[in-house]
Number of protein chains: 4
Amino acid sequence: VVKIAVVVTARPSYAKWKTTLEALRDMPDVELQVIVAASANLERYGAVRGVIEADGFPIAAECWTVLEGENLLTGARETGLALMDLASIYHRLQPDIVCVMADRREILAAAAAAKYQHLKVAHVQGGESSGTIDGVVRHAVSHLADVHFPCTNPAKWRIYGLTGSFDIHNFGCGSVDLAKRAQSEPLVTEDELGGAGAILNLAKPFVICLQHPVTDEADQSHAQMWETLHALPHGLQCVCLWPGQDAGSAGISKAIREYQETYGTLHTVRNLPPSRFLRLLTQCACLIGNSSAGIRESAFLGVPVVDIGNRQRGRQRAKNVTWVPHEQSAIRQAIARQMAHGKYPSSHLYGSGNAGQQIAEVLRNVANDLARTSKSA
Amino acid sequence: VVKIAVVVTARPSYAKWKTTLEALRDMPDVELQVIVAASANLERYGAVRGVIEADGFPIAAECWTVLEGENLLTGARETGLALMDLASIYHRLQPDIVCVMADRREILAAAAAAKYQHLKVAHVQGGESSGTIDGVVRHAVSHLADVHFPCTNPAKWRIYGLTGSFDIHNFGCGSVDLAKRAQSEPLVTEDELGGAGAILNLAKPFVICLQHPVTDEADQSHAQMWETLHALPHGLQCVCLWPGQDAGSAGISKAIREYQETYGTLHTVRNLPPSRFLRLLTQCACLIGNSSAGIRESAFLGVPVVDIGNRQRGRQRAKNVTWVPHEQSAIRQAIARQMAHGKYPSSHLYGSGNAGQQIAEVLRNVANDLARTSKSA
Amino acid sequence: VVKIAVVVTARPSYAKWKTTLEALRDMPDVELQVIVAASANLERYGAVRGVIEADGFPIAAECWTVLEGENLLTGARETGLALMDLASIYHRLQPDIVCVMADRREILAAAAAAKYQHLKVAHVQGGESSGTIDGVVRHAVSHLADVHFPCTNPAKWRIYGLTGSFDIHNFGCGSVDLAKRAQSEPLVTEDELGGAGAILNLAKPFVICLQHPVTDEADQSHAQMWETLHALPHGLQCVCLWPGQDAGSAGISKAIREYQETYGTLHTVRNLPPSRFLRLLTQCACLIGNSSAGIRESAFLGVPVVDIGNRQRGRQRAKNVTWVPHEQSAIRQAIARQMAHGKYPSSHLYGSGNAGQQIAEVLRNVANDLARTSKSA
Amino acid sequence: VVKIAVVVTARPSYAKWKTTLEALRDMPDVELQVIVAASANLERYGAVRGVIEADGFPIAAECWTVLEGENLLTGARETGLALMDLASIYHRLQPDIVCVMADRREILAAAAAAKYQHLKVAHVQGGESSGTIDGVVRHAVSHLADVHFPCTNPAKWRIYGLTGSFDIHNFGCGSVDLAKRAQSEPLVTEDELGGAGAILNLAKPFVICLQHPVTDEADQSHAQMWETLHALPHGLQCVCLWPGQDAGSAGISKAIREYQETYGTLHTVRNLPPSRFLRLLTQCACLIGNSSAGIRESAFLGVPVVDIGNRQRGRQRAKNVTWVPHEQSAIRQAIARQMAHGKYPSSHLYGSGNAGQQIAEVLRNVANDLARTSKSA
């Protein structure tokens, strides 16, 4: 039996892990060790931990490291704390491989804690090019990783250019697996959605607004969200989701509260489990904001997207995405164009819906090779 | 006045910083902030902190993070602790640039703590290719850095390949500045050298043996040092230095103690200030082990070198270096060849002795540009 | 000049420090070092840090250690983090005395970090007897302290019994200094108060409701607050303040939000600077909840108080306080009785309004004695 | 089944735990969780961890927190780190009781980490009165503890005075259990003892010298050990043990090395498992230094003891102990007197040799009561 540890640190990355975790759990010769770290433990960032357990994955270890303050200092300090704690957790669990995803600050800690203890590191979703500090972290983590699972072909070549590694596998993104699955699931109803604010009729056209802070524009997050919200056409139904954790979240939340106190026209939702979000995405007329779901899942689903600002800059886009800066009028016009266009044909730019199974198989093989090597040594 | 922070974490990197620190200190429009971190605070790794103060650099902050245990777990954990503490220190000192050197584990923490707080990062001695985890850290730090001061031309091109940055300046290595200076200084005498063990006559030929543990061969460090020591020819005077801090140091120290208890023919020295080491290097007949001084300073000085094992693998070498594996007979033959050959002509592969002044000038300019930008903003 | 460090970790204790800080700041031979730690740095616990700066005290050091999660685990872990960071801060500031207040978990860390470095520790507000873990922390800190400033005579004797120390001075509580001062200041107006919810007329009778979670009843905090809120008589104006940080805060906040969504009869206020709170207290008809202001400041002011539950258990009370358990009907009856009674005569049980000056003088003398001793040594 | 966690942080306290651990391990309804923390993980403080495993106790968790530097700052910081890590460990293991021993700095962290999470705390060896910071820690821990196992009757009354608790049980000290057992075991031979330096004949009279640094006299540790070593009579065989970890250890070790380099008359031993130490103690003519074994085990064994300096100040002594200050001549005379006197009759001041079994039974009962209470709740 080989031991494969997967570190989950945030709501969006759990969605991308889910089909891989299912595949690993179903392999009889694999012991799956789910490590819940950073914001994934916290209620106020979507209580991912509870979602993981409800999805049937036992939690092997937890790591509470997020500092209150949500500023650049606490952001740096909590990364150090995560490195320290994850090092002890890996030492205890002794995994054959540690798997990390993407480019949040704490991922550098999760990868270094493993690499510094001579454990193999697998990195999912590396090699992409994007603005902000995420891009820096992503490439730094590629250097710390031994096996790479990028989600696009350009990302694959970029990782090769950085590392010279031959262990790079592009199976697309796990989020697309879920998007594909969501297409055959029941529609979200108003009751199931829950939330607060304006009353919704999901049978009629509605948009989803999901905008996260951009780390190095944290001080502008409030102004940016203000532009987006004021660009929403009157009378258009809007499901507005609260942002994930990062420097600047407070600004976005404040803009939502202020807008809502003035107009009350949003329907706000705090905790949306990944699968429900995707089913809602299949139903919506347009996704507005800067979520990676606009780039990835929406490509496969053909959902029209208005992508705002720098957060997804440099990422490959299918035809369904229109980019605009943080300007009310530009955003308003783009929404109008996308609402008029309607659904796009499905694009396989970010995968065709079976990434999880393929990633899991490679992980098992790598872990088995390691186990064989160390036994014969 | 611009504020430039320099993080010193170990004895060997201080030597490479020294001429840069002197140049920065002498600039009236620069406030130099020396931060002493990791093993640089500790007596048992050469008491670098005291050397820095004796050299006339006031210490702006100190950071005690090295954990006892010297194993892979504590090595990872103390990196997290360093990240956490350095983040607070930068927050307090508010430097315009944070400067880090080379590739020790804690350097990733020192760079991330700055970058995550949106401070500019300067990285000295990046871009080199070497075996072991150092190479991984070095390239990851290049991604976190904004300004780069590699020491060789191939390193310069490699950093460009990794980062696409145009802010890359090769002025050679600060250690060569000191090597050049050492040539015009008085010779080391037996009294000045101090130490224990066999009595030396420095007027007669002697070798220096300096072998550090290789992080991912830590469990072999004792055996490796055993091979080296038993390769020393009978009757050859040998100044043997104790290793720097890292997983595996204990094994090397043990081998030295055991050899000394049996033969007593080594002259062992614990604390050798960088400048004294370099003067001794100009005097010695051959340098044996895996110190970077064999690759860099010795290239400029033309000192014959027997470089052993993987620690310097992939580094560019001038003609003065002979490489051998950790095998007694191979080492013995290489020592014989190098003793027979004698001094080599000086090579400028790692610089021509004025790196510090040039690095300091670029740092000042970058910091001034930043200060101007933020003032006009 | 002697150096006196004062560690401020929370909104309520800052109020009690304020007159001492003023007195220390005005002493020419004292260097006051204010250290802002734990929740005192955070917006969501009253942004005490900004209040301190606005009051004209420069901040010598800050310490960001509060972990998100607000559970027993993070509560314990953040205490360790505070101990670690405060140790480094004291080492840098080199105070002659470190002053800490009362009994929050992090105070044990603040005292131990000093005592373990052989610094003198002054403890304000020790020796009181109360339920919950606070009492345990308070007595443990008394053992770590060298000079004691209890606020009541029974507390003074208790500290003597625990420690055998003769360095125990009862000058009353600094909060009473501010209560006395508030009596001669202008009344709070509706505009100055700010806040949200029901519209207030402060010229008519109103009550203040301020209820904090009890650490070891954290899971009941929501139910407890529910009882209190539902005990409020219809038509009675109520200024309801949000709770301070601790395990269970979320439950109390939730109860307030729920009550407010249903009835909307509360006037809620998030950030109430200490001085404004005290002026409001002089105006109110009754204080309801479990705040220590009901026990201390209200004694001096003669304000009727309904004290609920275990949080203030064991504390000495003047005649103005009626205690009830967390039961709606008991609370409702007590409110009615206190509203009917009206103001009480002033009690000096917790001091007569000049504690700060007296504490500062003793601190200066102790610090001077130390300085003399170490100079002569 | 109830879960009882025992935190072992140092060599001397493990010896006192041993018979309790054996009794707990043999109880079918108890799950024993041994947590190895602080210096107990480290080779250079006696590798206690290996001794524990060799004694047949599986290790449930380990905690690496000792910082290099051995000064007051690192001593304080590592306590914070221990608090943070132990909190996570308790959270994972969910013990019904956490057991801690005595008064080392980290014990305050071990107790607070449990108490702050509302776990029951058992404290062994509280209530004694002694000089130095240990006494402060010991009493502070008594306040954090719920069940107390002091080792003497005066200590029992003192804990009652401090805490008012009725849960105080004096069964003597676990070290005496081992001393009793050692009396019926084979004598230590020269081969078994190992070590370095002068050759011993254990059949002839010899003394044991064991002197630890006194935390708040850390800067005098070298001078203190110098006095002791130079007081040893010429020709007297002496087994000299290296000191335990604490600020000042380096000074003592240095004094031993210097003395040995000059005279070479000591027989130095680095790792002496507790049981072997006790067997050696039954054989020796006199114990010299400041070890608690001189006060406790030696009382039961009747071994003559020369107790030096403040480390054991305030501890109850049987007739076998002579106290002297750190003065060469006083120490020399005391050694002469004790050598002349020979063995003393056995004293039961610190127990009669069955403490472990009795402590274990009370712990089991307390844990069972808790389990019943929480089940019925």
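Begin in chain B by selecting helix H5, residues 132-144, together with helix H6, residues 153-163, whose axes approach to within 10 Å and cross at roughly 60°. That angle makes H5(B) oblique to H6(B), and the crossing in which H5(B) passes H6(B) is right-handed. To see what makes this contact, display the side chains of B:His139, B:Ser142 and B:His143 on H5(B), and of B:Arg158, B:Ile159, B:Leu162 and B:Thr163 on H6(B). Coloured by class, the contact of H5(B) with H6(B) shows 2 nonpolar, 4 polar and 1 charged residues. Keep in mind here and at every later stop that this is a predicted model.

**The sheet of chain A**

Now move to chain A and select its open sheet of 6 strands, which has the order E3-E2-E1-E4-E5-E6 and parallel pairing. At the edges you will find strand E3 (59-63) and strand E6 (147-149) of chain A, each of which pairs on one side only. If you turn the view along the sheet, the twist to look for averages 20° from one strand to the next.

Within this sheet, pick out strand E1, residues 2-8, and strand E4, residues 97-101, of chain A, which are paired in the parallel sense over 3 bridges.

Helix H1 of chain A, residues 11-25, lies across E1, strand E2 (30-37), E4 and strand E5 (120-124) of chain A, and runs at about 165° to E1(A). Helix H5 of chain A, residues 132-144, also packs on the sheet, where H5 touches E4, E5 and E6 of chain A and has a direction that makes about 145° with that of E5(A).

**From chain A to chain C**

Show chains A and C together, and superpose chain A on chain C by a rotation of 180° with 0.0 Å of shift along its axis, which gives an RMSD of 0.1 Å. The two copies are thus related as by a two-fold rotation axis. To locate that axis from chain A, centre on A:Leu67, whose C-alpha is the nearest to the axis in that chain, at 2.1 Å. The same surface serves both copies, as 100% of the contact residues of chain A recur in chain C.

With both chains still displayed, select helix H3, residues 72-93, in chain A and helix H3, residues 72-93, in chain C, whose axes come within 14 Å and cross at roughly 110°. H3(A) is therefore roughly perpendicular to H3(C), and H3(A) passes H3(C) in a right-handed crossing. The side chains to show are A:Arg77, A:Leu81 and A:Asp85 of H3(A), with C:Arg77, C:Leu81 and C:Asp85 of H3(C). By class, the contact of H3(A) with H3(C) has 2 nonpolar, no polar and 4 charged residues.

**A sheet in chain C**

Staying with chain C, select the 7 strands that form an open sheet in the order E7-E10-E9-E8-E11-E12-E13, with mixed pairing. Strand E7 (196-197) and strand E13 (321-324) of chain C stand at the edges with a single partner strand each, so one side of each has no neighbour in the sheet. Inside the sheet, strand E9, residues 237-241, and strand E10, residues 266-269, of chain C run parallel and are joined by 4 bridges.

Helix H11 of chain C, residues 274-283, lies across strand E8 (206-210), E9 and strand E11 (286-289) of chain C, and runs at about 135° to E8(C). Helix H14 of chain C, residues 328-341, lies across E8, E11, strand E12 (305-308) and E13 of chain C, and runs at about 170° to E13(C).

**Last stop: chains C and D**

Finally, bring in chain D and select helix H5, residues 132-144, in both chain C and chain D, where the two helices pack at an angle of about 170° with their axes 8 Å apart. H5(C) and H5(D) are therefore roughly antiparallel to each other. In this contact C:Val136, C:His139, C:Ala140, C:His143 and C:Leu144 of H5(C) meet D:Val136, D:His139, D:Ala140, D:His143 and D:Leu144 of H5(D). The residues of the contact of H5(C) with H5(D) divide into 6 nonpolar, 4 polar and no charged.

Notes. Residues are numbered from 1 along each chain as its sequence is written. Chains are lettered from A and ligands numbered from 1 in the order in which they are written. This is a predicted model: local features need pLDDT of at least 70, side-chain atom pairs count only at pLDDT 80 or more; totals for chains, interfaces and linings use all residues. Side-chain values use heavy atoms; hydrogens and water are left out. Two strands pair if DSSP finds at least two bridges between them. Contact means heavy atoms within 4.5 Å. Axes are lines fitted to C-alpha atoms, for helices over the stretch in contact, and angles run from 0 to 180 degrees between N-to-C directions. Copies are superposed by least squares on the C-alpha atoms of residues with pLDDT of at least 70 in both. Angles under 35 degrees count as roughly parallel, over 145 as roughly antiparallel, 65 to 115 as roughly perpendicular and the rest as oblique. A crossing is left-handed if the near helix is turned anticlockwise from the far one by less than a right angle, and right-handed if clockwise. Ala, Val, Leu, Ile, Met, Phe, Trp, Tyr, Cys and Pro count as nonpolar, Asp, Glu, Lys and Arg as charged, and the others, Gly among them, as polar.
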